[in-house]
Every structure is written in structure tokens, then in C-alpha cells.
Amino acid sequence: MFKLARRYLGAVKKEIIIGQTSKLIEAIFEVIVPLIMAAIVDKGINGGEGKPYIYKMGGLLVLLGVLGLISALICQYLASKASQSVGTVMRNDMFRHINRLSYAELDKLGTPSLITRLTNDINQVQQAVAMYIRLVVRAPFIVIGSAIMALSIDAKLSLIFVVVIPAVVLILYLIMSRSIKYYKVIQKKLDRISLVTREGLSGVRVIRAFSRQETEQKRFDEANDEYLRISLSVGRLSALLNPLTYAVLNLAIAAVVWFGGFRVNVGDLTQGEVIAFVNYMTQISLALVVVANLVVLFTKAAASSVRINEVLDIEPSLKNGDYMGGGNDSDAVRFDNVSFSYNSSGEHALEGITFTAKKGETIGIIGGTGSGKSTLVNLIPRFYDVTEGSITVNGTDVRAYDFNILRNKIGIVPQKAVLFSGTVAENMRWGKQDATDDEIYAAIKTAQAEEFVNRLHDGLNTKISQGGKNLSGGQKQRLTIARALVSKPEVLILDDSASALDFATDAALRKAIAQDTENMTVFIVSQRANSIRQADKIIVLDDGKQVGMGTHKELLEGCEVYREICYSQLSKEEVEK
């Protein structure tokens, strides 16, 4: 927590100082009030000063109340401003940092956990900042100030404070030391709820298609019950806090009244001083309860800050290069004995991959499920770093490139078509923000999306709902292909991105790409032999290994895996055609 404080509280130092000073002024006024009350009782009521004195001191009470209110409002405003500012900056920093992380780190952390950390955890810290400004100075000052003022009135009766304050502190320590371990667990249980909720909502069509609503409800109930169980455990402990502290403090108030009454009878105390003592004890009781709640709040914030720091402290495994040039090698992409394993597990997802893709060539990549096709193409834009070997784009190792320079050269269409809420045109301009409507329509035409886009009621200005849910799977795939084409990349990667298209549209798409993408190197990842048979070069993968490379005809003669794939999908006449 202190690490986050050093990083973010410096920017709101002025708000903290002024806010806490304002709250301290309010606390000073509050500590003075019991003395004025004592004076009203002793001098105005019992001492013969009469109504003028009562009115004068009553006016002073009102003035202190108004000044205290103004101070409290200033503090409240500054605390809200500071906490919201810290929360906003922290979210921005965390989101920016997450976007710098590689796929490997994101896979490890998990999307549901990152969402919880960006929302719930930062909210906990944000709330702690507000309470730090508002109450961290005030509550201890009230406790110490009230004790000192009571001591100045009567040292003997103040011995009650000497017993009560340590007793309350002991209660706070015993309860909080046992409950603090639960708060980090609670946040992890929230991660689990977030995971189940996200899967249930994003996969609602599949869940209903298989009538698995009850199973998913059971999963959610189990995750929710786990969260409830931990929350109840810590809740039972925290629930003891206020009753125990109030019990001790109410006994202390009774002791003040009891022993104070005896001292009034012998003339050592006045009635007003006993009232002041009771007020000070009440102030201490309320302040200690506030301290107890602060401890709970800061304990939660401490657990959340650990989780936030876990993300912010992760150093991206992919270091940005500084090469800003374009490269001039005739080889668009070259793999040189490339091997790769996820999370350094030692088990290779790819092993010994070597090939060269010239500018303007079409490279087909085919293989069974899990053979490493998507992994291979994800290495080109450097979503992951190779474990062994090297990959060059235009003759320069991808690890030397600045990320933006490298990825501006590459247009990638992932397996899962992802569109964002906004208009069709806004989605098309992701790769090139200043793209004209003519450029967009040209890309849409190549992607075989012209017909259905023209049918949309607002054309390019048609709104796309979140995730493109108002479009079919084939329409989304064609728009994502068009989005990649708008920027006219040097390398286009189609990662099984035509799986939802019919054979005729798929064929028309491949023909259009071949005609409209002069000098563009195209990688087509597919499980359909028909989709890659016309490629200049076909790479065949099997269990992460390159088992064949060549043209369709060459592979039919020399690669058994490719031959099996072709004959499993096509007739003998179609294969040999």
C-alpha cells in the first residue's frame, strides 16, 4: 500500500495537506465544545451569570458549529477530488500497462482477474484515499485531544481513560489480526465470480443451445457461495467490533458518571465538568469506532493494493525495439529454425520451423487441430517471442523493430472475428484513421462484404452493437478482413478467418485478394485444403513440426500428412485437378 501511496499521492499533496488541515480545525472546535458546555452549566445555570451568558456562549457554540461545518465541507470536497483523481490516474496507468503486456502475461493473469483489479480493487484503494484525508488526522486527534482535555479537568477521574483506551485498542488488534487474512481471499473469490459471469454471459447462446442453464446456475451458485462463506467469516469477526467497543466505552461513561457524582458531592468537580467528561468520553467512543472502521477499510485496501502492484510490477517480457526503418530485403518474412514454447514450459508448441516468404507470395498454412498454425502466425507480429531461432521481416529481426513500425506493416485477421461498438466506418478505420470512404469501400469490395454493407440502412454509418452481435458470423469475418485491408499492409495474415464463409464466397474472396493486393505477402491459415491449394507455397504442420513445404502438386507427391488431409476433404478428381 505504501508503494502505491508513494507513486500516486504526490500528485494530490496540496489536497491532502489542505484537506487534513481543515479536518484538524474541525476537530479542534469539536474538542472545545465540551468546555463551553461545562461553562454554560457551571456559570450560566448554576453560577448566576444568567441568560446573557448562556446566549453569549450559545452563540459561540453556533459559531464553532458553522466554522466546523465549513471546514468539514472543504475537507470533503478535497478528499473527493483527490481520491477520484488518484483512482482515475491509477486506472489509466494500469490499463496502459496491461496493454504493454505480452499475450503470455495476459494469459497468466486472466481477463476476469484483470477486470476485478481494474474496478473493485482500485475502488477499494480510492475509498481508502478519501478516508485517509478525512479521518486519519481527525480520529486520533479527537482521542488524544479529548483525553488531554479530560486530564486537565481532573487527573484522578482521567484514570478511566487510561484503562479504556488500551482496552479498545486491544479489541481492535485481536479482531483485525484475525480478519486481515480473509480480505485477499475475498478478492480472489470475486475473480472467480467474474470468470463464471463472463463465461455465462458471453456464451449464453451455447448454454441455451445445450440446455445447460441449470449447470451454469450451479457453477455461479458455487462461486457465489464460496464468496458468501468467506465474507460471512470475516463479517462475524467484524461484527464483534462495534458491540465490544461500545460495551467498554458505555461502561466507561457509567464509571465517569458514578465516580464523577461522588467527586461533585465532595466539591472536587462541578456538574459542568462531569458533563464535559461524559462528552469527551462520547467523543472518544465515536472516534475509536471510526478508527475501527478505518482499520477494516485500510485492511481491504492493503489487500487490493497488493493485487494492483502485482500487475504494475510485471515487466513485459517483450521489450520494444528501436528500429524505425522499413527494411529493404526481398524476403518479406523469414523463419530460421524457429522453436517456441508457451510460458517457458519446455514443451515446444513449434519446433524447427524454417521457410522464406517472398514479397507478393501467398503462403498457405495447413495442419490438424492443435498443430501450431495460429501460434506460427502470431510470432510474425511479435505477440510472442521465439524461444529459439529468429524471424525477420524485410531482412530485420522482429525483436529489433519498434512495435508500431512492425505492426503497421502487418494486417492480421484473427480466428475469432472481433468488432467494436460504433459505426462500420469507425471499425474500418482502426488500421488507418484517415482512410477515405473510397478506400473503405475498396477494402469492403475485396473482402466480399459490399453487397451486405450496401443493404445496411445507414451504410458505413450503421451502428455495430457490442461484439458485432447484430451481424452474422460470416458478415463479421468479412468486415474484419476489410478492416485489415484498409491500411494496405505489406503482410496480410488470415488466421482461419473465412471459416464462416460458404465455399463460393471463400473462393471469390481468395481471388479478389490475389487480384487487389499487388506485392502484398499473404499468409492463409486454414483447415480447408481448397482454401490454400492455389498458394505459391504451402507449409504443412503436424504436432508443432514442419512436415512438408511446397506447392499443392509437390506436397501430394511427397507429404503423407498433406495427402491425408486432401483426400479426407476432397474427391480424388478434385485433389488431382
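Asp 496 sits in the loop between strand 9 (491-495) and helix 18 (503-516), where helices (H or I, at least four residues) and strands (E, at least two) are DSSP runs numbered from the N terminus. The model is predicted, so local features need pLDDT of at least 70 and side-chain atom pairs count only at pLDDT 80 or more, while totals for chains, interfaces and linings use all residues. Residues are numbered from 1 along each chain as its sequence is written, and side-chain values use heavy atoms, with hydrogens and water left out.

With a relative accessible area of 16%, Asp 496 is buried (under 20% relative accessible area; exposed is over 50% and partly exposed in between, with a 1.4 Å probe and protein chains only). Gln 448 also has a positive phi, of about 65°, although it is not a glycine. This residue is found in the loop between helix 15 (437-446) and helix 16 (450-455), and at 26% relative accessibility Gln 448 counts as partly exposed.

Next comes a helix pair. Helix 2 (residues 13-45) and helix 11 (residues 271-312) pack with their axes 7 Å apart and at an angle of about 155°; axes here are lines fitted to C-alpha atoms, for helices over the stretch in contact, and angles run from 0 to 180 degrees between N-to-C directions. The two helices are therefore roughly antiparallel to each other (angles over 145 degrees; under 35 is roughly parallel, 65 to 115 roughly perpendicular and the rest oblique). Residues of helix 2 that meet helix 11 include Val 31, Pro 34 and Leu 35, and on the helix 11 side Tyr 280 and Gln 283 are among those involved, contact meaning heavy atoms within 4.5 Å.

Ser 146, in helix 6 (residues 138-153), touches both of these helices' residues: leaving aside neighbours within four places in sequence, Ser 146 is in contact with Val 31, Phe 141, Tyr 280, Gln 283 and Ile 284. At 0% relative accessibility, Ser 146 counts as buried. Its side chain reaches the backbone oxygen of Ile 142 at 2.7 Å.

Phe 259, in helix 10 (residues 241-265), counts as partly exposed at 45% relative accessibility. The C-alpha atoms of Phe 259 and Ile 160 are separated by 9.8 Å, with the two residues 99 apart along the chain.

How values were computed
Polar contact = N/O pair within 3.5 Å; in protein donor to acceptor, adjacent residues only side chain to side chain.
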